[in-house]
Amino acid sequence: MKPSVAAEQVARQLHIVLNAGRAADLETIAKTPEGDLNDGLPANGERVGTVQTHTDTLEILLERRQRNGGPPVWLFSNETLSNVPDVAGQVEAESIDRFVPQALRIRIFSLPLYRWLVTLLGVAVALAFAYLGTKLLVPLLSPLIRRMTGEPDDRHLATLLAPLRVIVLAAGFGALAIVSATVLGRRFWIVSAKAIAVFGVAWLAVRFSDIVAERASRHLTRRQRAGRVAVLTLSHRLFKIGVTAVAIVVLVYAAGGDITAVMAGVGLGGIAIALAAQKTLENLFGGVSVISDEPIRVGDFCRFADRMGTVEDIGLRSTRIRTLERTVLTIPNGQLSLMTLENFDLRDRFLFNHKIGLRYETTPEQLRGILAGIREMFRTHPVADPEDARIRLVQFADSAFLIEVFVYLLGDQYLEFLETQEELLLAIMDIIVAGGSGFAYPSQTLYLTRDKSGDTSRWKEASER
């Protein structure tokens, strides 16, 4: 059914009223079908804006109605429509269009030419404002960035100017929304300003993280922490991915999209990726655990289950070991994080523990002298720890007196320990020889006797080990 002339006239007048000032703000309209139930209006009523003139104030009200058994729809209230003609006449009388030359009122895509020109001028002003605004920020940010990076130049500051300029540009676009002449124009500039601001903030966060990661990487490299550099690189990349994902979600929300659907899609995608890359993720997190906890480091000599070797590289997926057979053993980090690792390079002292067998011909006086000499040697030795030292006769064995030497030697270098151990063993040998004894070795002694009863002889054999 064709609308009446009066209805068309009211529709045009309503269009004029809605575009006037802050008549309607689409950002404040409730997103739920029921509207805002806490605005003080009836349940079927909604306020979407107001129009202020010199003589009157018109509230733009909606009513929720149901027609012909269909779903409820929101329509402009009768009260609003009845006041539209008067307010539209006042708005037109106060409009600046009457001051614009007729040549600039030519409509292009339903908008007068002068509005297109004003829009282009506004964009140019916003760009100039963004450029000059960032220039003014340089003297304020330069000392802060230099102190944070420890560098005398402004190389890092130059990388931050571009995202800062984008953020300032977003503020300029927000200002254009205030002076826009139409509701849809205000909506366009507000959404554009939000999108540009989100992009600028995300870009700034990524650039700033690059600066922090670069400085941390240099610090770890100086300390020869290659494993931690790998973790830092991984964390930096994950941070960038996280910033990008959050920015996309915020942009969807700013554009009026359904965040629930986006989050559900992200969750399902994450589950699918986790299931498909289960072993890879296991090794990845195992590598992060190994590098973070540092049970082993590159260059350490360790025991891995039943294998021994030197750690050559700790990656994010696997660790390479140079074994004693000079082969390369590659262990996935997922398995390595579950292994019992013995790190020989992390010990603070070496255990000197030997059992010395003296032959049974050694007299008690000789044995006491030998024990006293060994104890005195360890008491005065510069690398021996006398606090836990034990030099004791511990057993009458099958073929020897057993002396146990239990002493901790200070130091953490294995080659130096071997040299010191050799020196101590030779010194113990000198003490034993000087004491008139010697080392025992497995032997047998044969005793021959004759039975006193007479004719028969019986051999008896005793063995000593």
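## Salt bridges between separate parts of the chain

In this predicted model, the side chains of Lys240 and Asp210 meet in a salt bridge, with N and O 3.1 Å apart. A salt bridge here is a side-chain nitrogen of Lys or Arg within 4 Å of a carboxyl oxygen of Asp or Glu. Lys240 belongs to helix α6 (residues 226–254) and Asp210 to helix α5 (residues 183–222), so the pair ties together parts that are 30 residues apart in sequence. Helices (H or I, at least four residues) and strands (E, at least two) are DSSP runs, numbered from the N terminus.

Lys240 is partly exposed at 29% relative accessibility, and Asp210 is partly exposed at 26%. Buried means under 20% relative accessible area, exposed over 50%, and partly exposed in between (1.4 Å probe, protein chains only).

## Further salt bridges

By this rule, the count of salt bridges is 10. One joins Glu342 and Arg303, whose closest N and O atoms are 2.2 Å apart. Glu342 lies in strand β10 (residues 341–343) and Arg303 in strand β6 (residues 301–304), so this pair ties together parts that are 39 residues apart in sequence.

Arg297 and Asp300 also meet through their side chains in a salt bridge (3.4 Å, N to O). Arg297 is partly exposed, at 35% relative accessibility, whereas Asp300 is buried, at 5%.

## Surface patches

A nonpolar patch on the surface is formed by Leu426, Met429, Val433 and Phe439, which together have about 370 Å² of accessible area. Within this group, Val433 lies in helix α11 and is exposed, with a relative accessible area of 57%.

A patch of negative charge gathers Asp345, Asp348, Asp412, Glu416, Glu419, Glu422 and Glu423. Glu416 is located in helix α11 (residues 414–434). Patches consist of residues with over 30% relative accessible area and no salt bridge; like charges are joined within 9 Å, and nonpolar side chains (Val, Leu, Ile, Met, Phe, Trp, Tyr) within 5 Å. Asp and Glu count as negative, and Lys and Arg as positive, while His and the chain ends are not counted. The place of a charge is NZ of Lys, CZ of Arg, CG of Asp or CD of Glu.

## The protein as a whole

The protein has 11 helices and 15 strands. Of its 465 residues, 30% count as buried. It exposes about 29,600 Å², of which carbon and sulfur atoms supply 61%; accessible areas come from the Shrake-Rupley method with a 1.4 Å probe, and for residues only the protein chains shown count as cover.

## Basis of the values

Residues are numbered from 1 along each chain as its sequence is written, and side-chain values use heavy atoms, leaving out hydrogens and water. Local features need pLDDT of at least 70 and side-chain atom pairs count only at pLDDT 80 or more, whereas totals for chains, interfaces and linings use all residues.
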